[in-house]
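Hi everyone, thanks for coming. Let me put the structure up on the screen, and then we'll walk through a few spots together.

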Amino acid sequence: MSQQQMDEETPLLQPVKQKKARTPLPWRQFSIILFLQLAEPLTSQVIAPFAPQLIRDIGITDGDETRVGYYVGLMLSLFFATQALTVLHWSRISDHIGRKPVILTGLFGLSISMYCFGLSRTFYGLVLSRALNGALNGNIGVIKSMMVELTDSTNLAQAYAYMPIAWSSGGAIGPLIGGSLSRPADRFPNIFGHSQFMKTYPYFLACAVPATFSVLAWIVTFLFLQETVPTRVTLWQLLKGKNREHSASLKGPVTSTGSTDSLSTEDTSQRAKAGGSKPLPLRSLLIPRVIIAAGNYAALSFFDIAFRAVQPVFFATPVELGGLGLDPPRIGNILAIYGVINGLFQIFFFADLHDRFGSKTIYSVSMAVAIPMVITLPILNAVARVQGLSLAVWAIVGLQLVLSMILNLAYSCVFIYIAAASPNQASLGATNGIAQLGVSIVRTIGPASATSTFSLSIRNPHHAWIVYYYLIALVCMGICTSLLLPRQLWKNTH
């Protein structure tokens, strides 16, 4: 065969060689991870419907409705402030002692903090509960690392398409629990009307449900979750100071039983060989591609957490002050509907959309739809002032939920970029920790800044649009940051 014939045939054969069959997901372990992920959105979203009323009840605003948003945002930000101080350390520790001990610690923190939150009767009690929650919880980055370690390049997008199941389910169930079970003595007088405990702690029942679920998740993790890191030292040995004595006997890859549950894949083994089995120092991880991926994750999260903080406060604020004047049960129903449709859309469409358009295109489009999503807020108030809670208002709410659903496609894309940015498999936890550190910092700023700006908007009619300008500015920052992402995922260079 001549060289010309070979050159003519090669382009036709190239796509066939690059196309790999999608590896089946290891469903046994994968389903456990999805179950564990439900604990965090459940505990975070359960307070959303009643947070404004809780702030009113504890009396810290002295009846000033315009200050409610400020304290709601401050309370939400505390979790991320303390998480920012510890999340990188938890992620790096998981590279050494394994993912499972860190996840168990995080679930313990979620459970204890939510019980304490439900028993808090002062703003300072709420502050301490949220701070404890954030400090002990490093599960976000660790679970993402496990997700990558369970998959390869052919099924990673499919795996990330299922990740929103947990967040959407928690986003749907959490608000329903919070809206339905808060103040049970008032809502269900025949059952709880004679309970002095429920009258004294009107939000304990709503908090106890996700706290108890975290206990159940801890038990499932302890009994059934398999480690994905070939650890050199166990947590007990680390505490006893016997690292050198026992490290040699604990080396070796960890695999699960069953052909579809193998934790050893072609991609992960190649990455391990490329960078070695040793986690890299933190300074070696601060390379451009890690910073770009983490920066985009932070920019996306900054806007998203700011909008999610403003949304329930906007729904709860009286129409004459610039909101919709909805009660907690109705707010919970709206957030629950969003959770359901978002999860279903991600499951059935993200993997195919990703295969067709790629991470860069989907991420860019998802960020762009955030601008009309913000604009729906002032339009909702304007229509409600004229027509009340008419059909038109609910149609606009529905449009807002659809746009939010498209925005959430960006998360799966940026997770794929972060996984690709890790220099080697052994540093995957630390890479996710760096990304999560940036996100925790912006999520500390986001809720408090957004709700404070909203409070300023409703306090002064001349500044009524300042919160919307602020949110749109965050979107523009995210769009600019997305320009740094490459169209093709990074390759390992070490």
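Leaving aside residues up to four places away in sequence, T105 touches W90 and L136. Please keep in mind that this is a predicted model. If you want to find T105, look in helix α6, which covers residues 99-119. How far apart are the C-alpha atoms of T105 and L136? They are separated by 6.6 Å, although the two residues sit 31 residues apart along the chain.

Now to the core. The largest nonpolar core has 128 residues. Those with the most contacts inside it are Y160, Y297, F303, F314 and L324. Which helix gives the most to this core? That is α18, residues 288-316, with 16 residues. Let's stay with L324 for a moment: again not counting residues up to four places away in sequence, its contacts include F314, F315, L380 and V397.

Last stop: a pair of helices. In general, two packed helices are described by the angle between their axes and the distance between the axes. Here the pair is α21, residues 391-407, and α22, residues 409-421. Their axes come within 4 Å and cross at roughly 5°. Angles under 35 degrees count as roughly parallel, so that is how we describe α21 and α22. Where do they meet? M405, I406 and L407 in α21 meet L409, A410 and Y411 in α22. By class, this contact has six nonpolar residues, with no polar and no charged ones.

Notes
Residues numbered from 1 in each chain as written. Predicted model: local features only at pLDDT ≥ 70, side-chain atom pairs only at ≥ 80, totals over all residues. Heavy atoms only, no water. Axes fitted to C-alpha atoms, helices over the stretch in contact; angles between N-to-C directions. Helix = DSSP H or I, 4+ residues; strand = E, 2+ residues; numbered from the N terminus. Parallel < 35°, antiparallel > 145°, perpendicular 65-115°, else oblique. Contact = heavy atoms within 4.5 Å. Nonpolar A, V, L, I, M, F, W, Y, C, P; charged D, E, K, R; others polar. Core = buried A, V, L, I, M, F, W, Y, C linked by side-chain atoms within 4.5 Å. Buried < 20%, exposed > 50% of the residue type's maximum accessible area, 1.4 Å probe, protein only.
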